[in-house]
Amino acid sequence: GKSYIVCLDHDGTFRWKSPNGPEFIGTDFTASYPGTRSAPTVKGQRVYAASGTGHLSCVDARTGEVFWKADLVEDFQGIPGDFGYSESPAVDEQKVYCHPAGKENNLVALDRHTGELVWSAPLNKDYFSYSTPVLLSLQDREILVGTSRNFIHVVDRKDGTLLSSYRLEDIRLGYEHCNSVIFRDGHIYFVASEEQGQGSIKLKLSEDGRSLTEVWRNPGVLNIFGGFVVVDKLLYTTLENKKLVGLDTESGRIIESVRSVSGSIVYADQKLFIYGHNGTLQLFSLKGGTPERKSELRIREGSGHHFSFPVIEEGVMYIRRGETLMAYAVK
């Protein structure tokens with residue numbers, strides 16, 4: 001029931017751990033998914049991490065010493081989602097951005113060095129989502145693009161002004177959004193959760209951030225929290241019917257479809273890596289244009305669900321399952 005931020009060397013040697021308040025346990029159905037749900041964010045020599053119950057800590061990356069703490073529920077009257085807080089803190093040079101999802105303090109910006117409140121914004125006074133916002137630089141302003149239960153929103157990072165928003169349709173309780181948006185060439189891409197009206201969408205973001213215009217939608221391409229990647233002119237994601245699909249970013253039509261596991265997807269070095277919810281890890285090469293499966297292995301270590309996203313750094317893939325962390329060589 002306790003949350004910790006943990007530091008390891010690249011060879012797996014334990015360095016330190018720092019407590020971060022109580023962790024999400026859940027009740028009834030949500031008790032099937034206890035434990036940590038977001039990844040820490042590193043900026044310089046500081047690490048920012050939020051627990052599933054909304055405890056936010058800033059600690060020294062070298063020692064784990066706590067610089068400051070905040071509580072999204074107690075300090076900002078936040079309203080966590082049914083499955084707890086799951087976003088990773090978004091951090092720029094001066095601020096940390098969090099989504100308590102309260103009526104007035106819907107989105108907050110904290111000084112990243114002291115934890116003091118810089119601004120608070122009500123946005124659309126909307127309910128929580130489970131995705132991490134992205135930070136973008138436009139010609140005249142710095143913005144944040146994220147999701148709430150019913151909206152994709154664009155926010156001025158200077159003062160929290162809501163610049164524009166796009167309403168998401170047919171939202172059902174229990175099917176809130178978990179995927180983050182992707183920005184490419186003036187457009188925002190998003191893959192909605194199951195049972196949602198739009199499915200996958202492409203939006204045009206104006207140069208000043210004040211308008212979001214739908215370009216296309218594909219209601220048949222969606223997933224709960226498997227994520228998606230945009231590579232060249234294709235958007236890749238997995239479907240629950242065990243397919244890897246590639247959408248033409250110009251039209252939104254599926255132009256690539258191959259058999260695969262359904263799960264979390266990441267991209268590196270002209271390769272797609274899919275960590276399936278069934279524990280199978282697959283590698284697809286994109287060198288020939290069409291995704292070609294080159295290898296796969298079964299993740300047997302650890303316990304519980306296969307929900308984490310792989311992380312690839314310097315030829316090593318890290319995968320966490322339950323309380324076990326694994327490192328694999330990528331060749």
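Buried here means under 20% relative accessible area, exposed means over 50%, and partly exposed lies in between (1.4 Å probe, protein chains only). With those words in hand, let us walk through the structure above.

This is a predicted model, in which local features need pLDDT of at least 70 and side-chain atom pairs count only at pLDDT 80 or more, while totals for chains, interfaces and linings use all residues. Residues are numbered from 1 along each chain as its sequence is written, and side-chain values use heavy atoms, with hydrogens and water left out.

**Salt bridges**

Side chains of opposite charge can pair when their charged atoms come close. A salt bridge is counted when a side-chain nitrogen of Lys or Arg is within 4 Å of a carboxyl oxygen of Asp or Glu. The whole structure contains 12 salt bridges by that rule. Here are some of them:

| Pair | Closest N to O distance |
|---|---|
| Lys43 and Glu93 | 2.8 Å |
| Asp269 and Lys271 | 3.1 Å |

For Asp269 and Lys271, is each residue buried or exposed? Asp269 counts as exposed because its relative accessibility is 56%, whereas Lys271 counts as buried at 12%. Elsewhere, salt bridges that share partners join Asp92, Glu142 and Arg157 into one network.

To place the remaining pairs, note that strands (E, at least two residues) and helices (H or I, at least four) are DSSP runs, numbered from the N terminus. The salt bridge between Lys43 and Glu93 links distant parts of the chain: Lys43 is in strand β3 (residues 41–43) and Glu93 is in the loop between β7 (90–91) and β8, 50 residues apart. Lys43 is partly exposed, with a relative accessibility of 22%.

Arg217 is partly exposed at 32% relative accessibility, and Glu169 is partly exposed at 33%.

**Nonpolar cores**

A nonpolar core is a set of buried Ala, Val, Leu, Ile, Met, Phe, Trp, Tyr and Cys residues joined through side-chain atoms within 4.5 Å. Which residues touch the most other members of the largest nonpolar core? Among its 18 residues, they are Tyr48, Leu56, Trp68, Val96, Cys98 and Leu110. At least two residues of this core come from each of β4 (46–50), β5 (55–60), β6 (66–71), β8 and β9.

Leu110 gives a close-up view. Setting aside neighbours within four places in sequence, Leu110 is in contact (heavy atoms within 4.5 Å) with residues including Leu56, Trp68, Phe76, Val96 and Val118. Apart from this core lies another, of 17 residues, among them Ile152, Val154, Ile201 and Leu205.

**Two open sheets**

Strands pair if DSSP finds at least two bridges between them.

The hairpin of β27 and β28 has two residues between the strands, and Glu314 in the turn has a positive phi of about 50 degrees. Strand β28 (residues 316–321) is joined to β29 by six bridges; in β29, Leu325 is the bridge partner of Arg320, and Tyr328 stands opposite Met317. In a regular strand the side chains alternate between the two faces of the sheet. In β28, Met317, Ile319 and Arg321 make up the covered face, and Val316, Tyr318 and Arg320 the uncovered one.

Another open sheet has four strands, ordered β23-β24-β25-β26 and paired antiparallel. Here β23 (263–268) and β26 (292–298) are the edge strands.

**Backbone details**

Most residues other than glycine have a negative phi, and most peptide bonds are trans. Ala101, although not a glycine, has a positive phi of about 70 degrees; Ala101 sits in the loop between β8 (95–98) and β9 (107–111) and is buried at 3% relative accessibility. Lys242 has a positive phi of about 60 degrees, and Lys242 is partly exposed, with a relative accessible area of 43%.
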